[in-house]
Amino acid sequence: MNQASAPAKIILFGEHAVVYGQPAIAVPVSALRASAQVTPAAAGSGLRIEAADVDAVLPVELDSDAIDNALAVTARMVLRQLDAKPPDAIIRLTSTIPMASGLGSGAAVSAAVARAVCAAVDQPVADAQLNAIVYEIEKMYHGTPSGIDNTVIVYEQPVYFVRGKPIKTLHIGQPLTFIIGDTGQSALTKITVGDVRRLYEQDPERIQPVLDAIGTIVRQARQAIAGGDTAALGPLMQANHAHLRTLTVSSPQLDQLVQAALDAGAVGAKLSGGGRGGNMIALVADPSQAQAVADALRQAGAVRTIITHVG
Ligand code: PMV
């Protein structure tokens with residue numbers, strides 16, 4: 001294998017509360033991917049990562065401890081775990097996943113690079129090991145991540161995720177069609193996670209019930225998804241979005257896109273991921289309605305829409 005990749009993801013239910021031990025549901029978006037191509041290089045030239053999208057050329061040196069770039073750190077971590085020397089190779093990374101928008105771009109590029117390094121040294125790595133590596137990278141750059149992004153991206157399966165627990169795949173009774181709408185505003189998850197933490201510490205009596213309520217929604221959503229009850233998911237998405245507003249992680253643009261999707265006939269809509277920008281998702285009862293919702297989102301200011309099917 002000289003080509004490695006990993007998908008984007010969306011969180012359907014439970015973002016932010018998942019950091020506090022509540023369950024969350026996330027699914028891969030396989031149409032958007034980070035890809036890493038391995039090309040052999042001249043003997044003695046060492047390992048280099050070229051990330052054309054961000055105009056970066058990154059040498060990977062084992063004896064460095066710099067954490068200036070997540071991709072170089074990922075490659076180094078993989079080599080150390082495999083007890084391998086940097087191969088003479090170039091890893092060219094490209095990605096169709098928008099950055100800083102709640103689609104898991106950071107975890108996906110880390111996973112693609114990690115897989116490419118394994119391919120370059122011809123040592124396969126199990127998903128569980130890869131997941132642990134990508135989680136370490138997420139921690140280094142994103143503060144206190146729950147681990148949901150790396151898990152859904154590495155395993156590329158719908159997951160019912162509880163922090164620190166073995167992964168549970170999600171049973172999907174009836175295929176679901178979501179429209180992803182991008183506000184075009186980049187937002188750093190580290191900042192929103194930090195703000196929710198401050199809110200929680202200032203007023204745990206008010207915030208804990210909100211987190212608990214989100215957990216209840218996620219458990220109900222899991223049952224509705226397993227039972228193929230798409231209609232029941234709409235009100236659950238609305239309720240989840242309202243709680244995320246209480247946690248201060250929505251934004252006027254996200255609220256506007258959510259409303260536009262509902263007006264266009266979506267069953268439900270909510271922000272997805274870290275919030276304050278990035279993406280929202282809308283669910284339609286029938287795939288034939290997806291384009292109308294996507295068009296309405298564009299009219300309401302979304303810079304990009306993606307229709308994705310789950311199950
Ligand atoms: O990476 P994002 O923006 O999709 O957000 C991840 C979800 C959070 O719950 C906000 C943070 C986390 O670590 O779970």
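User: What covers the buried residues of H5, and which residues are they?
Analyst: In this predicted model, the cover over the buried part of H5 includes helix H6 (204–226) and helix H7 (230–246). The buried residues of H5 themselves are Thr192, Val193, Gly194, Val196 and Leu199.

User: What end-to-end distance should helix H5 have, and how far apart are its end C-alpha atoms?
Analyst: Helix H5 runs over residues 189–202, which is 14 residues. At 1.5 Å a residue it should span 20 Å, and this agrees with the separation of its end C-alpha atoms, 20 Å.

User: Is Val193 buried or exposed, and at what relative accessible area?
Analyst: Val193 lies in helix H5. The cut-off for buried is under 20% relative accessible area. Val193 therefore counts as buried, its value being 12%.

User: Which residues does Val193 contact, leaving aside its neighbours within four places in sequence?
Analyst: The C-alpha atoms of Val193 and Glu15 are separated by 9.7 Å, although the two are 178 residues apart along the chain. With neighbours within four places in sequence left aside, the contacts of Val193 are His16 and Thr144.

User: Which residues contact Thr308, leaving aside its neighbours within four places in sequence?
Analyst: Thr308 lies in strand E11, residues 304–310. Thr308 counts as buried, at 9% relative accessibility. Once neighbours within four places in sequence are left aside, the residues in contact with Thr308 are Ile10, Val29, Leu176, Thr177, Phe178 and Ile180.

User: How do H1 and H2 pack: what are the angle, the axis distance and the handedness?
Analyst: Helix H1 covers residues 70–82 and helix H2 residues 105–120; they pack with axes 9 Å apart, at an angle of about 40°. That angle makes H1 oblique to H2. The crossing of H1 past H2 is right-handed.

User: Which residues make that contact, and how many are nonpolar, polar and charged?
Analyst: H1 contributes Leu71, Thr74, Ala75, Val78, Leu79 and Leu82, while H2 contributes Val109, Ser110, Val113, Ala114, Val117 and Cys118. By class, the contact of H1 with H2 has no charged residues, two polar and 10 nonpolar.

User: What is the arrangement of H7 and H8?
Analyst: The axes of H7 and helix H8 (residues 252–263) cross at roughly 165° and come within 12 Å. The cut-off for roughly antiparallel is over 145 degrees, and H7 is therefore roughly antiparallel to H8. The crossing in which H7 passes H8 is left-handed.

User: Which residues form the contact of H7 with H8, and how do they divide by class?
Analyst: On H7 the residues are Gln238, His241 and Arg245, and on H8 they are Asp255, Val258 and Leu262. The division for the contact of H7 with H8 is two nonpolar, two polar and two charged.

User: Where is Glu156, and what is its phi?
Analyst: Most residues other than glycine have a negative phi. Glu156 is in the loop between helix H4 (148–155) and strand E6 (159–161), and is partly exposed at 28% relative accessible area. Its phi is positive, near 50°.

User: Where is Arg276, and what is its phi?
Analyst: Arg276 belongs to the loop between strand E9 (268–272) and strand E10 (279–284). With a relative accessible area of 29%, Arg276 is partly exposed. Arg276 is a residue other than glycine with a positive phi, near 65°.

How values were computed. Residues numbered from 1 in each chain as written. Predicted model: local features only at pLDDT ≥ 70, side-chain atom pairs only at ≥ 80, totals over all residues. Heavy atoms only, no water. Axes fitted to C-alpha atoms, helices over the stretch in contact; angles between N-to-C directions. Helix = DSSP H or I, 4+ residues; strand = E, 2+ residues; numbered from the N terminus. Parallel < 35°, antiparallel > 145°, perpendicular 65-115°, else oblique. Left-handed = near helix turned anticlockwise from the far one by under 90°. Contact = heavy atoms within 4.5 Å. Nonpolar A, V, L, I, M, F, W, Y, C, P; charged D, E, K, R; others polar. Expected span 1.5 Å × (residues − 1). Buried < 20%, exposed > 50% of the residue type's maximum accessible area, 1.4 Å probe, protein only.
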